[in-house]
Amino acid sequence: MSLFADIRRRFDLRPHPSLNLAGSPARIRPEASFPDEQPCEWRDSHGTAGTDHSAYLAIAEALRDGADVVPASDEVGRQLAADGVSLLEALDGLSALYRSIAGGEPAFAAVRALSSSWAEASLIYLHSLSCEDPLTGLSSLAHLRSRLGELYREAEFRGTSVPQTHALVVVEPVNPAGTTPFDRELRLVDVAECLRIVFCGGDVLGRVGSRKAAALVGREPNLPEQVETVRALITQWRLDTDVPQLARIWIEGLPSTDAMAGRVLDELARP
């Protein structure tokens, strides 16, 4: 199967989330209205019907009572994300509510609280879909972190040392200036395939940030040779070009505790 066909197959097999992250029309209930108001239908800036009024009741009550709108905005943002409402639609609804009740634009605190909780709920949902990146097939950073935690707990039980038994093999493709994000993704697809060839046992192969991949491997005597094999494969992987595919590859030692290992992953995930 060609690389392009394989990429198309991966996209076709991706699960379809129920969250509306792209901004498609939200669910509409024209019959809903705020207390003490006549039923009406909000319209957003594009002229389409707005979000269900009842979702904003907590904020409306806080505004009318002169109470702090932050807790209500936080809860509304979380609920709107769970209901599949896009962030743009959620903010349009908040703006329409403020104009209706307060006669002006939303307070910054309300916008910030709603946006933050919406984003948090959306990320939790996306991370729960799969522990594997749909394009590269590499495990997510969360899965890699979880597996590391298991290793540290097992080592404590057995009286062994994770820094002595395991390490990370990190690969960061060297992309020339002007490389597009899509081309960077294709390079990571290549890197993932090379890692799978060399580390084909029970090793965890994960994506670390947007530009790196890492293999959580045992510290076998032949580990340096395996790293060099990965380097050679990546360099010559593309047969349709005479330009070597360069990458930084190194063995990252693991620290003595699980908490410090999490910090190592965070540092590696930085661009």
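Predicted model: local features only at pLDDT ≥ 70, side-chain atom pairs only at ≥ 80, totals over all residues.
Q: In what order do the 4 strands form the open sheet?
A: Residues are numbered from 1 along each chain as its sequence is written, and side-chain values use heavy atoms, with hydrogens and water left out. Helices (H or I, at least four residues) and strands (E, at least two) are DSSP runs numbered from the N terminus, and two strands pair if DSSP finds at least two bridges between them. In the open sheet the pairing is antiparallel, and the order is 2-3-1-4.

Q: Which are the edge strands?
A: An edge strand pairs on one side only. That applies to strand 2 (204–208) and strand 4 (247–253).

Q: How many bridges join strand 1 to strand 4?
A: Strand 1 covers residues 166–173 and runs antiparallel to strand 4. Within this pairing, Glu172 stands opposite Arg248 in strand 4. The number of bridges joining strand 1 to strand 4 is 7.

Q: At about what angle does helix 6 run to strand 2?
A: Helix 6 (residues 141–158) lies across strand 1, strand 2 and strand 3 (212–218). Axes are lines fitted to C-alpha atoms, for helices over the stretch in contact (heavy atoms within 4.5 Å), and angles run from 0 to 180 degrees between N-to-C directions. Relative to strand 2, helix 6 runs at about 130°.

Q: Why does the span of helix 4 agree with what its residues should give?
A: Helix 4 has 15 residues (87–101). The expected span is 1.5 Å times one less than the number of residues. At 1.5 Å a residue the helix should span 21 Å, and the span agrees because its end C-alpha atoms are apart by 21 Å.

Q: Is Arg184 buried, partly exposed or exposed?
A: Arg184 is found in helix 8 (residues 181–198); leaving aside neighbours within four places in sequence, Arg184 is in contact with Asn175, Thr179 and Arg211. Buried means under 20% relative accessible area, exposed over 50%, and partly exposed in between (1.4 Å probe, protein chains only). Its relative accessibility is 21%, so Arg184 counts as partly exposed.

Q: What is the mean pLDDT of the chain?
A: In the chain, 77% of residues reach 70 or more. Over residues 10–51 the pLDDT is below 50, and beyond near neighbours in sequence this stretch has 83 contacts in the model. For the chain, the mean pLDDT is 80.

Definitions and conventions
pLDDT = per-residue confidence, 0-100.
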